[in-house]
Structures are given as structure tokens and as C-alpha cells.
Amino acid sequence: MAERRNWLVIGAGPAGLLAARRLAKAGHDVRILEAEDEPGGRVSRIRVDGLDMDAGAESFATRGGYVEELARELGLGERLVTPAGGPAWIVSEERSFAMPKAGWLGVPTSSLAPDVIKALGLSGALRAAVERFMPPEDVAPDDSLGKVARRRLGDAAVDRLIQPVVSGIFSRPVDDLRIDAAASGFAAEVSEMGLVRAAAHRRSVAPAGSAVMGIDGGIFVLTQALAADARAHGVRIETEQVVTALTRKDSQWEVYTETEKWSADEVVVAAPRPVAAALVPQLERAPDKQVALVTLSLDAPELDSQPRGSGVLAVGDVTRAKALTHANAKWAWVAREAPTRNLVRLSYNVSSREDLSGYAVADASRLLGVKLHDKQVRDLVQVTWHDAAPTRAGDREPAPGLHLVGAAAGFSGLAAIVDDDARSTLGE
Ligand SMILES: Cc1cc2nc3c(=O)[nH]c(=O)nc-3n(C[C@H](O)[C@H](O)[C@H](O)COP(=O)(O)OP(=O)(O)OC[C@H]3O[C@@H](n4cnc5c(N)ncnc54)[C@H](O)[C@@H]3O)c2cc1C
């Protein structure tokens, strides 16, 4: 083993917990300072109408199998679950429709299928169908996916199908999304085959099965198990310790919280990027995108038929909310635990800590296509998250003995964070 050193980890979200556990397993002395009263970060829980639910992340990408492997390692293999299948719904000012079955990243691969005609109208579908007869064109990795798709498929396909999917995955306008940022190597495939054939090819090579998974009881169970395992390896987790400053003194780090001073040989910053940038001056400040989630528990038997399946994406300004998840429809464990009420989660882009309770019922009504009333609300819980779309940090070790992981380093999503940890050489 490397020389035993004294480490402080700032933040007990998944990245901080993974780093701390790795370091403790390698024999180091590790303590985590966490601002909240419980570990978990954005993979933590909220209580809605007596049920513990995910406060932030609610599923993980199965890509690479990293999170699944971690869950099994933590004894959660039996609790791994897949969400209900079925298409997402799209709701815009003009129409509501289920996302066409045949497609990839919103690109319809069977343009004249009835579900595409329903979505785009006959003229929009015919316009998209023309693409197969267009010769492929040279597309560069930096070209905008939106612009390429508009040229080849027309505006209707882009605005009604591709944009909602891109917003859901990348939280940005499709016209601003580089084609190779949407999918690495896609520009070359489009240049060779054209857009629809390249999308059909991607779809055919995508591994079978669901692209995401969850955990029976919520994925916050994973960070709870991770925290328990880290503790079992000797990690001390100090909660309600908000780190406010960090200084280097005589080859040691001094870390200040609101109430105490701690020192360490090495520090891992695993707090969201805006916090990390305030603590580490070398770190470039990045835009702070905020997302608010409003979870409603409703006395609404009219939703038992799951009128819009498990989820809805809002297009344009049809509602203040950008998306809705009907948790009873999406997760069998929610339906089992809440058989007599319906749990619905709305997500909003916000620029400040704004109270959205006044919008939630009207937005849910519009997106679900069912008239709901305030008196049907049994509970409403709002959580606002900062740093919803982190950007990569250039240097992962901006000063000697100072390391960045997770969102602080620009990683987003459990799959990316667990994968990064698996490759880590921290503390070796
Ligand atoms: C709304 C939303 C939904 C998401 N959904 C998904 C999803 O479904 N699937 C998925 O894979 N990913 C999802 N993500 C992304 C995922 O949650 C993050 O990538 C992941 O949680 C980042 O882990 P982290 O440990 O780096 O940071 P965090 O989870 O943010 O943890 C950081 C920790 O640092 C603590 N902290 C903050 N400031 C201080 C301070 N000054 N001192 C001490 N501690 C501090 C925080 O309290 C927190 O515990 C979602 C993110 C958001 C915002």
C-alpha cells in the first residue's frame, strides 16, 4: 500500500462516497465533511405523503454496467428494477402524441408510420420521408445536430420529435448541440449513410434491454448502502458541516466549516461545481443551471389508467414545467407502495429559488390531459438543485494534494461517476 495519509473529502454525494471508500480501502485515514444532515447529495431521499422517494436522480444509465455492478457489490442485486416500457408522450400547444416507436434520439426511422404521421401531420411526415432519397452530405463533428436535421428532415421532425428528446437528455436546444456531442462518431455515420439510416443503424446496434434501471425503493438506497459500506471501511462521515474555505499551510490543507477547522494531507472536493469554484480559486467558474423538481401526491383515481404512460415531455411554452413523470406508471415499486394515490413529478428550469407550487397542479393537468384540482393534492414537495448540467473541469488536481471528483470535475450521471471512480488511482 501507499503511505497512509490523512484525507478530507468535501461532500458525501455518490462521488465523495466512492472516493472516500476507495481511499479507506487503500488504508488511508478518511473523513467526509457533508453540509446536509444525511449523505447522498443528489441521490438522496425526500418524504412525500409518507413515502420515501428519490429527491433528485431516480434512475441510472445501464451503459457499461458500472452502476449495476456496484449495486450488486453492495448487496442490492435483488432490488435492481427496470422502469415500465412504453413511449414517452410529447405535449405541445397544438398536439399531444406518444413518441413514435421506431426512432433514435427522436429521429424517426420509419417516417410514414401512423405514429409519425400523428406526430408530424401528413406534410411533416412526407417531408421527413424525403430524407431517404437525399444523397448523404459531408457532416463535421462540430456541426449542429439541429441544423443538419432541419436540412434533411424538415422543421416539424426537429421541433416536435428531436428537440424534446434532446432537451430531456442534454438540457439544451438541439440547434446548439454538436452532432458528435449527441453521439460520438455520429457525424461520420451521417456523412456515409444519411441521417435516417445512421439513426436506424444506431438503434439496431443498441444493446437490448432498458437504457436505464432503478432500485426497488428508490436509487437513494444505493448511496445509503455506499455510505454504510464506506463507514464499515473506516470512513467517518461528519454531517451538517458546511465547508466555507480551504487553505494550504506548510504542506497541509486547512479546511474550515462554519463551526470547525480540520486539517489534512490531501483534500478531495466532491461538492457541486459552484461550491467547488468558490472554494478553489484556480477552478474556472461555470454557468449554474438550476432545476426544480416538484413531486405531487394526488387523490386522483382518474390517473389510475395512466393516461400518458410513464412520462411526458413538454414542448415550447405549453406549461411552465419541462417534463413530467408519473411515478406509479414508471416504477412498479411506487405502484405497490402507493396503491391508492398517484405520485407525479414535474421538472422545471429555474434561475432562482422560486416557489412553483402555484404552477404544479395546472401543469400536471395539462401534461396528463386530465383536469386536476388543488383539493386533490395530498402533499407537494419541491426541491431545487444547482449545477444540473456540470461542465468538465480542465485540471483534476488544481493544486498539490487537491483533487476533484464527480460534479466538481464536471461528471454528470451516476454511470459516468461510477465509471470514473473505477478508473481512479486516487491514494495509490
Ligand atoms: C434534478 C436532477 C436529476 C438527476 N437525475 C439523474 C438520474 O436520473 N440519473 C443519473 O445518473 N444522474 C442524475 N442526475 C445527476 C446526478 O445526480 C449527479 O451526477 C450526481 O449526484 C453527482 O454526484 P456528486 O457526488 O458529484 O455530487 P452531489 O450528488 O451533488 O453531491 C455533492 C454533495 O456535496 C455536499 N455539499 C455541497 N456544498 C457543500 C459544502 N460547502 N460543504 C460540504 N458539503 C457540501 C452536498 O450536500 C452533497 O451531498 C440528476 C441531477 C439532477 C440535478
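1. At what angle do helix H1 and helix H14 pack, and how far apart are their axes? In this predicted model, where local features need pLDDT of at least 70, side-chain atom pairs count only at pLDDT 80 or more, and totals for chains, interfaces and linings use all residues, the answer is set out below. Residues are numbered from 1 along each chain as its sequence is written, and side-chain values use heavy atoms, with hydrogens and water left out.

2. Helix H1 (residues 14–25) and helix H14 (residues 414–422) pack at an angle of about 20°, and their axes are 10 Å apart. Axes are lines fitted to C-alpha atoms, for helices over the stretch in contact, and angles run from 0 to 180 degrees between N-to-C directions. Helices (H or I, at least four residues) and strands (E, at least two) are DSSP runs, numbered from the N terminus. H1 and H14 are therefore roughly parallel to each other; angles under 35 degrees count as roughly parallel, over 145 as roughly antiparallel, 65 to 115 as roughly perpendicular and the rest as oblique.

3. On the H1 side the contact (heavy atoms within 4.5 Å) is made by Pro14, Ala15, Leu18, Ala19 and Arg22, and on the H14 side by Leu414, Ile417, Val418, Asp421 and Ala422. These residues divide into 8 nonpolar, no polar and 2 charged. Ala, Val, Leu, Ile, Met, Phe, Trp, Tyr, Cys and Pro count as nonpolar, Asp, Glu, Lys and Arg as charged, and the others, Gly among them, as polar.

4. Helix H7 (residues 186–193) and helix H8 (residues 195–205) pack at an angle of about 125°, with 7 Å between their axes. That angle makes H7 oblique to H8. The residues of their contact divide into 6 nonpolar, 1 polar and 3 charged.

5. Ile219 is found in the loop between strand E11 (212–215) and helix H9 (220–232). Ile219 is buried, with a relative accessible area of 0%; buried means under 20%, exposed over 50%, and partly exposed in between (1.4 Å probe, protein chains only). Ser59 is 160 residues away along the chain, yet the C-alpha atoms of Ile219 and Ser59 are separated by 6.4 Å. Leaving aside neighbours within four places in sequence, Ile219 is in contact with residues including Val43, Phe60 and Leu414.

6. Asn349 lies in strand E20 (residues 342–350) and is partly exposed, with a relative accessible area of 38%. Beyond its neighbours within four places in sequence, Asn349 is in contact with Lys289, Gln290, Val291, Arg320 and Lys322.
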